[in-house]
Every structure is written in C-alpha cells, then in structure tokens.
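Please read it alongside the model.

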Amino acid sequence: MFKKLAIIFVAVFGVLLAVPTIAPNLAPYFPSWIQPIPLGLDLKGGAQLLLEVDTNTMMQEKSVQLYEEARSALIDRDKGVIRFSNMRNKDGVVSFVVRNDEDVSRARGRLRSVFGDSVDISVDGRTMSLAYSQRAKDEMVQDALSRSIEIVRRRIDALGTKEPSIQSQGGKYILVQLPGVDNPERIKELIGQTAKMTFHLVNEDVTAEQLASGHAPKGTEFLPYIDAPEQKIPVYTHVEVSGDSLKDSQADFDQNNMPVVTTVFDAAGARKFARLTTEHVNERFAIVLDGEVLSAPTIREPIPGGRGQISGGFTLQGAKDLAVLLRSGALPAPLQVIEERTVGAGLGADTIEAGKIASFVGVIFIMIFMIVCYRGFGVIASFVLLINLAMIIGISALLGATLTLPGIAGIVLTLGMAVDANILPFERIRDEIRAGATPLRAVEAGFHRSMKAVLDGNLTNLICSLVLFQFGAGPIRGFAVTLSVGVLTTLFTCVSLSKVIIDWYMNGKNKKISYVKTDK
C-alpha cells in the first residue's frame, strides 16, 4: 500500500510542477523554485550571436609570454646567469644563441625544468629554439574557449538578461542566444571587450619632443588616453599590479557626486598595490584597460587594504558597465561577432500556437485510438497519458530546461511512443486470458511479462537522446532533453501509475475486461 501511495504522490507532485506553465496566472502562488518553463529563442524571439575566439591573437600573446619567461629563466641570478645573445621571437618561435658551448646543456635543462613538456626545444650548435608543443596549444585553445564561455555568462547574467543560452560550437566558436532581447548592441559591446586591466607607473622622464615623435624609450610605451585618443601617456611596460588580482568592483559616487568605479583586490593584489602606493608617493601611475589609459592619477599617500577608486569622467551607465567587465574578469582571447540574428516575437507566437495545435491533435488521436481499442483500459491509458504530458513539462521546468520548437517535437514524439508502454501489457493481458488465466492473474502476468520489452524500447530511446545531447548543439539538445525526460516519465506513468490505477479499478475482483473476447 505504501508503494502505491508513493507512486500517486510522485504523479501529483509532477503535475503540480507543470501548473505554472499551463496556467501562468497561478505562478505567483507557487514557491520560487517552481516556475514556468522558459521559452527558447525560436518561441520567445530575441537575439542570437555567434562569437569566434581569436586564437591567433591569443597565441601571439602566449609567444611574448614565452619569450619573457625564457629570458627570465636564463638570467636567474640564484641559479646562475647563462649568457646568450640575439634572442628574438618570430612566428611563435623563440630563438637565441648561447655564448659558451658548455652552457648549452645547462640552458636546455633549465628551460625544460621551467616549461616541462609544454614546449618543444631544439638545439643546433649553440643556437636554441623553443615553441609551444601542439598538445599545449590545443589545451590553451580549449581552456580559452571554456574560460570565455564562463566570462561571457557572468557578464550577461550581471546585466539581468533572463534565460540566456551560452554554449560552445565547433572548436573555437561560442553561440549566445538571448530570448526577449530586441537590441543586443550593448551586450555585444560588453562581450567584445577583453577587459584586461593593468596598473603601470608613468615615465615622467619622457620629454614632449619624444611624445611628439612617437619614439618611446626602451621599456616604455605610449598609450592613448581613453577620453582623448590623441593624447598619449608614457607608461612603463612593466605591470605593477594585474587586474587578475581584482576580487570585486562596483559603480559608486565620489565626494563630488561623480560616478566612479571602486575596486577591491585579493590578498596578493592588496600587498602589491600597497607596496606600489607606498614606494611611489607623489608619482603618477596609469590604470590601463585593453591598451587605453582610463586615468593616470598622482599617488598622494599609501593606500593599504587593497581598496582603490577609478575615476575617468564616467557616466553612471559607463561606470556600471566597467564594473561588470572588471568583476567578471578578462577574456583570455578577443571575441569577434561573426554572425548576428534577430528573431521577432511574432514568429515565436505563431510557432507556439502551431505547436499547441500539433500537440492537441496528436493527443486527441492517441486517446481516441486507445479508447476504441481497449475500452475501459483505454480510458485509463488516456488519463495516464495526460499525466505523462504534465510531468514532462513540470520536470523540464524544474531542471531549468528551455522549451524550443524541437523540444515541442520531442514532447509530441514522446507521447506517441508512450502508447507502446500501454499497448504491450494490454495485448499481453489479452493473450493470458485467452490462454485461460483469470482477469486478475492476466493483469499481473501481462505487466510482468511485457516489462522487458517496454524497458528495452525506452532505454534504447534514452541512449539515443543522451548521445544527441552529448554531441549535439542548440535545438538538437532541446529535442534531446525533452525526449530524455519523456522516456523517464513514460516508464513511471505507463508502467507504475497505470498498474496502480488498474489494480484499483479491478478492486481485487475478477472483473470482465471489456476489450478481451473469449470463447466462453
């Protein structure tokens, strides 16, 4: 009895999960974790962006990093300086000439200890070359893709966009779907910014003539001021504090009621920032974002505690956007929008209406077929079919799935396949009664002996849907999700719940089963 009550409870709970979707006006009366199933881009309308991860630019930056790290390893005073010359970086290959023959093996061993198997090292006499291995490059690209997806997700979530779909596509593409967004320009602007922030000291020794000529001294670069690109700021190339150390950033107002961005560093960043502001009082330092100077204030006093403030003539919206960028982190590689689509809500409304009609017609025909063929048991099967439909919707909403047009197709297909889970035991019951079994024994044997065939068919569908979800993308995944949920609800409703209702209908008596004709 307890088992039967548990089955009824699960069925009722599954139906309740679908109520906010079926009757949206009742949604406010349900807990926050029971919400209507969100609609996908093809149903609700919105924007779709296809982004490409600029891996070429990323690998160029990685090669510069390889150059710097290799140089630092060779001139490490603690381990002994290895003298070299003609060090250069060309097409991702760092090469140099070791001055002494006896230092060649030392240089090779030291570089191998620093980089491990991530680089390929070749030696030709005293000339050494090193470049990232293909395996390391592939790992960098995959890491950049996964990190970019997470950062894009954080940026979009911070804007309050509901139900965005962000997923990888191919080896270096990111598909972003934004249901309900009519104008994605602001989102494109935020997504497209790398948001790599660094803190540099300003080189005060640079003369006006040098600035005018554009020839920066060694170790210095001229960066444009963000509000006046024609104005160049001479900054040292050495990064004093990296934006990677930022823990939080928020839009705020200063004492003059002007919008600013407040920053909070982590423990390591706070120590670096405190040392910077302590050792360079009355000197200027530049806050650089994506190669442009946001501001270049003078350090008036040490700033301990890791809290700073960025001002730059921001608007309130500009300060909020910058805070979102810094808070979400810097992209590991630039992103380029290579495709943009906008889907109107009217098309989505037509699609929903067509999906409703298709589902309604399909369910009605299935119910008519079952009632005509199996009479009273067909009525039970039709009732269970409606429970199955509600549970598919409710569980999909609980899992956070998004309903798309292929998802509707998956629901309709699931309902069609669900009939098999009733037909198989019903036909087996017919065979058992014709073989001489009593109705009660025939029902018990019919469900038991058809179980293997029901499980085999549904598990095959489940495996197919999991494969579609794993290797598919976009709409294919939506179809796979509803199909997977439908298989599980079908096994529950058409086997367990149907058997419970039929047992109650029989009430422990050998009632005549109307759809079974016997010779007696």
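Strand 4 (residues 119-124) and strand 5 pair in the antiparallel sense over 6 bridges. Two strands pair if DSSP finds at least two bridges between them. Helices (H or I, at least four residues) and strands (E, at least two) are DSSP runs, numbered from the N terminus. This is a predicted model: local features need pLDDT of at least 70, side-chain atom pairs count only at pLDDT 80 or more, and totals for chains, interfaces and linings use all residues. Residues are numbered from 1 along each chain as its sequence is written, and side-chain values use heavy atoms, with hydrogens and water left out.

Strands 4 and 5 form a hairpin with 2 residues between them. In the turn, G125 has a positive phi of about 70°. Strand 5 (residues 127-132) also runs antiparallel to strand 3 (residues 93-98), joined by 4 bridges. S129 of strand 5 is the bridge partner of S122, and S95 stands opposite S129.

Next, the pockets. A pocket is an open set of points on a 1 Å grid over the protein atoms alone, where a 1.4 Å probe fits, with protein on both sides within 12 Å along at least five of seven lines; lining residues have an atom within 4 Å of a point. A volume is the space filled by probe spheres set on the points. Ala, Val, Leu, Ile, Met, Phe, Trp, Tyr, Cys and Pro count as nonpolar, Asp, Glu, Lys and Arg as charged, and the others, Gly among them, as polar.

| Pocket | Volume | Lining by class |
|---|---|---|
| Largest | about 1,400 Å³ | 17 nonpolar, 11 polar, 11 charged residues |

The largest pocket is lined by 39 residues, with E61, Q65, K196, T198 and V239 closest to its centre. Helix 3 gives the largest share of this lining, 6 residues. The second largest pocket has 30 lining residues; T21, I37, K356, I393 and L403 lie nearest its centre. There the largest share, 12 residues, comes from helix 10.

How many disulfides does the structure hold? It holds 0. A disulfide is a pair of cysteine sulfur atoms within 2.5 Å. The sulfur of C464 is too far for a bond, because the closest cysteine sulfur, in C494, is 19 Å away. For the sulfur of C494, the closest is in C373, at 16 Å, also too far for a bond. C494 is buried (under 20% relative accessible area), at 1%.

Definitions and conventions: Buried means under 20% relative accessible area, exposed over 50%, partly exposed in between (1.4 Å probe, protein chains only).
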